[in-house]
Amino acid sequence: MLFRPTLRHTARTYRWQCTRTNSTFVKPSQFGQPLHPSHPHLVKDGELTPGIHADEYESRRRALMEGLPPNSLVICAAAKVKYMSGRTYKFRQGSDFLYLSGLLEPSAAFLLRSSPSTPRGYTYSIFHHFHTPSQALWDGPRTNDITLHDLFGADDVCPIDELPRALKKALRDADYVYVDQPQETRRTRKSGSAWKALLEHLAPASLADAKADLLSALSDLGARSGKIRPLAPEVGRLRAIKSPAEQKIMRAAADVSAHAHTKTMRFAQPGMSEHVLAAHFEYLCAREWSQRPAYVPVVASGPNALTIHYTANDQLIREDELVLIDAGCELDGYASDITRTFPASGRFTPAQAELYSAVLAAQKRLVSLSNASAGYSLYQLHTESVHLLADELRAIGFNLDRSSVGLMAELYPHFVGHPVGIDLHESSHFDRDAPLKPGMVITIEPGIYVPPRPHYPKHFHNIGIRIEDEVLVGETYPTVLSVNAPKEVADVEGACTGALGLEPL
Ligand SMILES: [Mn+2]
């Protein structure tokens, strides 16, 4: 069989496309997600999602259970389908659910129970909804029980309607319960309605009797203080360190985004609207198999770049402005996050080049510190970024005395970076004060945004520049996953003007 890599601009070959259309694969698919028999061009034999083998999902669950106290129960539910104007959004699985199961369907939940007497040390029960023939006619197939057992590794597979009863029994036997309640507020915590919301979420079709039973069991358990604990911090600890397979997918995601950035630099012209660049970027990523943008792209021309999360993307780009694009795709479950700032006309003006080089010098220094042996925490890297940027700005004529913390907060109002992975910001359970560890992936994204105020040099007014790379932390050196997006002045100008051999489209 003949294959060719679809990422032709890189030495790496991640995604292979079958060039013969009559090869052996099953159509229509019998599954609720791409799997090897139906999608051999995406998912290899033994993988549950592209690039991640069933064994890796198994080892994630085992690592989770080994880190919990004896006799623990884990409850995890699939994300809900979201609606807009009566029709569904493209479904995105809950991040922890995906990380632990590899299952991409809604209306599903799983239980993990400590079980020292079994070979794995835990039992794994999947509850899901199998489509009736008429549901399958409208919405396509769902993965069958045999596949969930044999390939996904479940000990038992049951209809989702049976979850309340199974939970009631499991809750009675467990000493600790790890579960995330949906959107708990002070009010719902007091009234106990958070449990009701959880139940609705877990078992929308269950019987009222079973719900009442389950609610009472949950509140009994809640009364034994400290027995119910949030699951997200436990999974977050595991997710913070990326496996070799995850690193490979994240490199591929960053490559797709990096090429889209490069080609969008070539495509951009003064007179275009910002949204056309956003559309072009998203099109290029989708062509490379990205399932969705990891976030709404920022395409900010000229002074719009001073708004950090500018996503209106609806103004026209002027001659001699800089364009700041903060955009990244999601590929096979992993986000990418890259920012580049380039001249709309293809060449930096002297003032733009001077400020750009200042940010770039600081950014490169910060990247070089992103390794475990340097001993920095993310918070210490941020402090360092403030000092580095202030030094660079002083050197090009900014009047910042040593104590001018307030001015730096105005010129650089955001944090240096964040962990990235299945979620764009994997920050909620990430300790910013702990030293960086090998296998973490973080962004390094210093920026300078100069408001038109008299104490800043006039030729820098209204310029906003951010340069953001994704960095894989190593023991002694960092690996820049977004290395294929140009950032040196000459390379950026080369990408814009076609000197790198790129066609506008
Ligand atoms: Mn970012």
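Strand E15 (residues 322-327) and strand E18 are paired in the antiparallel sense over six bridges in this predicted model. Helices (H or I, at least four residues) and strands (E, at least two) are DSSP runs, numbered from the N terminus, and two strands pair if DSSP finds at least two bridges between them. Within this pairing, Ile325 stands opposite Arg340 in E18. Helix H10 (residues 244-267) packs on the sheet and touches both E15 and E18; the direction of H10 makes about 15° with that of E18. Contact means heavy atoms within 4.5 Å. Axes are lines fitted to C-alpha atoms, for helices over the stretch in contact, and angles run from 0 to 180 degrees between N-to-C directions.

Residues are numbered from 1 along each chain as its sequence is written, and side-chain values use heavy atoms, with hydrogens and water left out. As the model is predicted, local features need pLDDT of at least 70 and side-chain atom pairs count only at pLDDT 80 or more, while totals for chains, interfaces and linings use all residues.

The sheet that holds E15 and E18 is open and has three strands in the order E14-E15-E18, with antiparallel pairing. Strand E14 (298-301) and strand E18 (338-343) are at the edges with a single partner strand each, so one side of each is left without a neighbour in the sheet. On average, neighbouring strands of this sheet are turned by 10° against each other, direction ignored.

Another open sheet is formed by three strands in the order E13-E16-E17, and its pairing is antiparallel. Its edge strands are strand E13 (292-293) and strand E17 (334-335), each of which pairs on one side only. E13 pairs with strand E16 (residues 329-331) in the antiparallel sense over two bridges. Arg292 is placed opposite Glu330 in E16.

Helix packing was examined next. Two packed helices are described by the angle between their axes and the distance between the axes. The axes of H10 and helix H11 (residues 274-287) come within 9 Å and cross at roughly 140°. That angle makes H10 oblique to H11; angles under 35 degrees count as roughly parallel, over 145 as roughly antiparallel, 65 to 115 as roughly perpendicular and the rest as oblique. The crossing of H10 and H11 is right-handed. A crossing is left-handed if the near helix is turned anticlockwise from the far one by less than a right angle, and right-handed if clockwise. On the H10 side, Val256, Ser257, Ala260, His261, Lys263, Thr264 and Phe267 meet Val276, Leu277, His280, Phe281, Leu284 and Cys285 in H11. By class, this contact of H10 with H11 has eight nonpolar, four polar and one charged residues. Ala, Val, Leu, Ile, Met, Phe, Trp, Tyr, Cys and Pro count as nonpolar, Asp, Glu, Lys and Arg as charged, and the others, Gly among them, as polar.

Helix H12 (residues 350-368) and helix H13 (residues 378-395) pack at an angle of about 150°, with their axes 9 Å apart. H12 and H13 are therefore roughly antiparallel to each other, and H12 passes H13 in a right-handed crossing. H12 contributes Leu355, Ala358, Val359, Ala361, Ala362, Arg365 and Leu366 to the contact, and H13 contributes Leu381, Glu384, Ser385, Leu388, Leu389, Glu392 and Leu393. The contact of H12 with H13 has ten nonpolar, one polar and three charged residues by class.

For helix H1 (residues 54-66) and helix H9 (residues 232-239), the axes come within 10 Å and cross at roughly 125°.

A manganese ion is coordinated by Asp337 (OD), His418 (NE2), Glu445 (OE) and Glu468 (OE), at 2.1 to 2.4 Å. Donors are N, O and S atoms within 2.8 Å of the metal (3.2 Å for Na, K and Ca); water is not among the atoms, so sites may look incomplete. Along the chain, the donors of the manganese ion follow the spacing D-x80-H-x26-E-x22-E. His418, in the loop between helix H14 (405-411) and strand E19 (441-444), and Glu468, in the loop between strand E21 (464-466) and strand E22 (469-472), link distant parts of the chain, 50 residues apart.
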